[in-house]
Amino acid sequence: MKPLILLLALVCTISAADEPKRLFLLIGQSNMAGRAPIGKTDKEPIKNVFLLNTEGKWQAAANPLNQYSTIRKGLNMQKVSIAYGFAKALSKDSKESIGLIVNAKGGSKIDEWTKDSKFFKEAMKRVAQAEKGGGKLEAILWHQGESNQNDNEYDKKLATLVKDFRKATGNRELPFVAGEVKQGTAVNKFISTLAKQVKHTAVASSKDLKTMDKWHFDFKSIVELGERYAEALKSIK
């Protein structure tokens, strides 16, 4: 496929009848926004997966998947994220198309995601846009904690976050998956207990994964972590 044709394929939206019905909200900070380098082969659209753009329309999902976040940092900072591995893994076993609502911001604290915050409201605004086509939010994927690495109240804040999103969506049993940050980080002890504290939740482990700097997982590890999110989600059901 020639470059121009590929570009047109990426930006072309789909008809209302073809809009995805399985929707997922992916939020948090930089590893969810994506910081791992995008390789040449990782620019292709993900088969059977669509991405919600800033106009509330669906288009073929291709890296960077956080490009349409309404709260993100500069576009040049958005690269390969957890969403990539998750979407590729989930789409393999899905007969229905998948819709990604990615709205992350690097460096954000969990305190910036409370129910009255801009980040929370923007996430819910985009969910509302996504559901207009008849799709339904199936789960929330959360990856954050680096900016709260020594927060001894994190478990309580995370439980409240889950409760608030469920109330806002009208689904008290909405599946919620959180992922551990770099191994050895104090906040992981709170993240890892989520499934024991809150029903219909799961945790994606970061065991044996590698980072390319202080906080950001390298390409192989970020893809693996995304796949672990997909497996964790299955465990809820």
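Let's start with Leu233. Its relative accessibility is 2%, so Leu233 counts as buried, the cut-off being 20%. Leu233 sits in helix H8. Remember that this is a predicted model.

What does Leu233 touch, leaving aside neighbours within four places in sequence? The partners are Phe24, Phe86, Ala139, Pro175 and Val177. For a sense of distance, take Tyr68. Leu233 and Tyr68 are 165 residues apart in sequence. In space, their C-alpha atoms are 24 Å apart.

Now follow one of those partners, Phe24. Again leaving out neighbours within four places, Phe24 is in contact with Leu233 and also with Phe86 and Leu90.

The largest nonpolar core has 38 residues. Which of them touch the most other members? Phe24, Leu26, Leu65, Phe86, Leu100 and Tyr229 do. Several elements each supply at least two residues of this core: S1, H2, S2, H3, S4, S5, S7 and H8. The largest share is eight residues, and it comes from H8. There is also a second, separate core, with 33 residues. Trp113, Ile140, Leu161 and Phe190 are among its members.

Next, helix H4. It runs over residues 118-131, which is 14 residues. At 1.5 Å a residue, H4 should span 20 Å. The end C-alpha atoms are 20 Å apart, so the two values agree. Which H4 residues are buried? Phe119, Phe120, Glu122, Ala123, Met124, Arg126, Val127 and Ala130 are. Note that Glu122 and Arg126 are in that buried set. On spacing, an α-helix has 3.6 residues a turn, so residues three or four places apart point the same way. What covers the buried residues of H4? The cover includes strands S1, S2, S3, S4 and S5. Helix H5, residues 154-169, is part of that cover too.

Stay with H5 for a moment. Lys167 is in this helix. Is Lys167 buried or exposed? Its relative accessibility is 70%, so Lys167 counts as exposed. Lys167 and Tyr68 are 99 residues apart in sequence, and 25 Å apart in space, C-alpha to C-alpha.

Now a loop residue, Ser94. It lies between H3 and S4. At 11% relative accessibility, Ser94 counts as buried. The Ser94 side chain reaches the backbone oxygen of Glu96 at 2.6 Å. Beyond four places in sequence, Ser94 touches Arg22 and Asn48.

Step back to the whole chain. It has eight helices and seven strands. The radius of gyration is 16 Å, close to the 18 Å from the globule rule for 237 residues, so the chain is as compact as a globular protein of that length. Along the principal axes, the C-alpha trace spans about 50 × 40 × 30 Å. Of the 237 residues, 54% count as buried. Take the contacts between residues at least 6 apart in sequence: 75% of these join residues at least 24 apart.

Last, confidence. The chain averages a pLDDT of 94, and 93% of the residues score at least 70. Where does pLDDT stay under 50? Over residues 1-9. For that stretch, the model has four contacts beyond four places in sequence. Where pLDDT is low, the predicted coordinates should not be read in detail.

Notes
Residues numbered from 1 in each chain as written. Predicted model: local features only at pLDDT ≥ 70, side-chain atom pairs only at ≥ 80, totals over all residues. Heavy atoms only, no water. Helix = DSSP H or I, 4+ residues; strand = E, 2+ residues; numbered from the N terminus. Expected span 1.5 Å × (residues − 1). Buried < 20%, exposed > 50% of the residue type's maximum accessible area, 1.4 Å probe, protein only. Contact = heavy atoms within 4.5 Å. Core = buried A, V, L, I, M, F, W, Y, C linked by side-chain atoms within 4.5 Å. pLDDT = per-residue confidence, 0-100. Polar contact = N/O pair within 3.5 Å; in protein donor to acceptor, adjacent residues only side chain to side chain. Rg over C-alpha atoms; globule rule 2.2 N^0.38 Å.
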